[in-house]
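Reader: Please take me through one part of this protein in detail. I would like the pockets, and then the contacts between side chains around them.

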Amino acid sequence: MMLDLKRLENELMAWLGESRVRILDAMNTPLHVDVKSGRNDLVTNVDKANQRFLTGKILAAYPDARIEGEEGTGDKVHDLAGIVFFLDPIDGTMNFVKQHANFAVMIGVYENGAPRFGAILDVMRNEVLTGGPTVAPKRNGRRLPLPKDHELKDGLMGASGPLLIHNKLNVQAINEASSGTRITGSAGMEFKAIIEGQQIGYISYLQPWDVAAGMAIGAHFGLQVTRPDGKAINMLEPGFVVAALPSAYREIRQLIVVD
């Protein structure tokens, strides 16, 4: 089965629109918050409900597809053959719980291991970014200008808080060489900032569903997304991720210290 990308784009826009309404309605009711791996790794009833909702939509439209989702209601994908949807129902759950802002819903669609399409919903701003290697990035269906390929010193860098605090990968020096550091606590919001030309890069430890959508959209304009040593991302495993526009990426790779 070959993906019809126009059909897929329309479907994702519709599903995410419905998803947003459901999330906003749920925010008016008491949240049920559970702890996963630690006190800073949260999951809510809204994460779980949204994953069930989107999983149902995906499988109704693509019954042969497999789903790798954060909250475990899809499949546990062991290979990338065929069509695989990477689903993050609430990316930035801590922000969702504490701020009621700065969180996203992400869907990345891959075919035989290759990125085909991605969508990132900024829930509170009602903005959906879409695109893929052969599809220009759009915001709410309108084409975006491609981000400028600035040098490291001329752009803002995103980073995860723990990496910056503990100076993993020499991240402090990398960010000091940039125009400044931004930490949002959501991979989706960080990739959104890169796609919109507000940042030149982002470094964090990410799961496949954290990186899938942004990597697919960024492939259209040459966004480099690799492991710190330059190796390709294995979409079956978590790990450190360096995402940056080409000029900044080359400088970042010179500054990185791989543990």
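Author: Start with what lines the largest pocket. Its lining residues divide into 12 nonpolar, 12 polar and seven charged. This is a predicted model. The pocket has a volume of about 880 Å³. In total, 31 residues line the largest pocket. Closest to its centre are Asn40, Asp41, Gly185, Tyr205 and Asp210.

Which elements give two or more residues to this lining? They are β4, α3 (93–98), α4 (161–166), α6, β12 and α7 (208–218). Strand β12 gives the most, with four residues. Domain 1 (5–143) and domain 2 (152–255) each supply at least three residues to the lining of the largest pocket.

Phe191 sits in helix α6 (residues 187–195), and Tyr202 sits in strand β12 (residues 201–206). The two residues are 11 apart, and their pair links distant parts of the chain. The ring centres lie 5.9 Å apart with the planes at 80°, so the pair is edge-to-face. Phe191 and Tyr202 are both buried.

Strand β4 has an aromatic pair too. Phe86 and Tyr110 are edge-to-face, at 5.3 Å centre to centre and 80° between the planes. Phe86 belongs to strand β4 (residues 83–91), while Tyr110 belongs to strand β5 (residues 104–111). They are 24 residues apart, and this pair also links distant parts of the chain. Both Phe86 and Tyr110 are buried. Across the whole structure, the search finds five aromatic pairs.

Now the second largest pocket. It holds about 160 Å³ of space. Its lining consists of Asn102, Arg125, Glu127, Leu156, Arg182, Thr184, Met189, Lys192, Ala193, Glu196, Gln198 and Gln199. By type, that is three nonpolar, four polar and five charged residues. Helix α6 gives the largest share, three residues. Here again, domain 1 (5–143) and domain 2 (152–255) each contribute at least three residues.

What do the charged side chains do? Glu196 forms a salt bridge with Lys192, and their closest N and O atoms are 3.3 Å apart. Both Glu196 and Lys192 line the second largest pocket. Are these two buried or exposed? The cut-off for buried is under 20% relative accessible area. Glu196 is at 17%, so it counts as buried. Lys192 is at 4%, so it is buried as well.

Asp229 is partly exposed, at 35% relative accessible area. Lys231 is exposed, at 57%. Salt bridges with shared partners also join Asp122, Arg125, Glu127, Arg139, Lys192 and Glu196 into one network.

One more salt bridge is worth a look. Glu11 pairs with Arg7, and the closest N and O atoms are 2.7 Å apart. Both lie in helix α1 (residues 5–26). They are four residues apart, about one turn of the helix. Glu11 is buried, with a relative accessible area of 16%. Arg7 is at 33%, so it counts as partly exposed.

Definitions and conventions:
Residues are numbered from 1 along each chain as its sequence is written. This is a predicted model: local features need pLDDT of at least 70, side-chain atom pairs count only at pLDDT 80 or more; totals for chains, interfaces and linings use all residues. Side-chain values use heavy atoms; hydrogens and water are left out. Rings of Phe, Tyr and Trp (its six-membered ring) pair if their centres lie within 6.5 Å; planes under 30 degrees apart count as stacked, over 60 as edge-to-face and the rest as tilted. Buried means under 20% relative accessible area, exposed over 50%, partly exposed in between (1.4 Å probe, protein chains only). On a 1 Å grid over the protein atoms alone, a cavity is a set of points where a 1.4 Å probe fits but cannot get out, and a pocket is an open set with protein on both sides within 12 Å along at least five of seven lines; lining residues have an atom within 4 Å of a point. Grid points are joined across faces, edges and corners, and a volume is the space filled by probe spheres set on the points. Ala, Val, Leu, Ile, Met, Phe, Trp, Tyr, Cys and Pro count as nonpolar, Asp, Glu, Lys and Arg as charged, and the others, Gly among them, as polar. Domain bounds come from an automatic or database domain assignment. A salt bridge is a side-chain nitrogen of Lys or Arg within 4 Å of a carboxyl oxygen of Asp or Glu.
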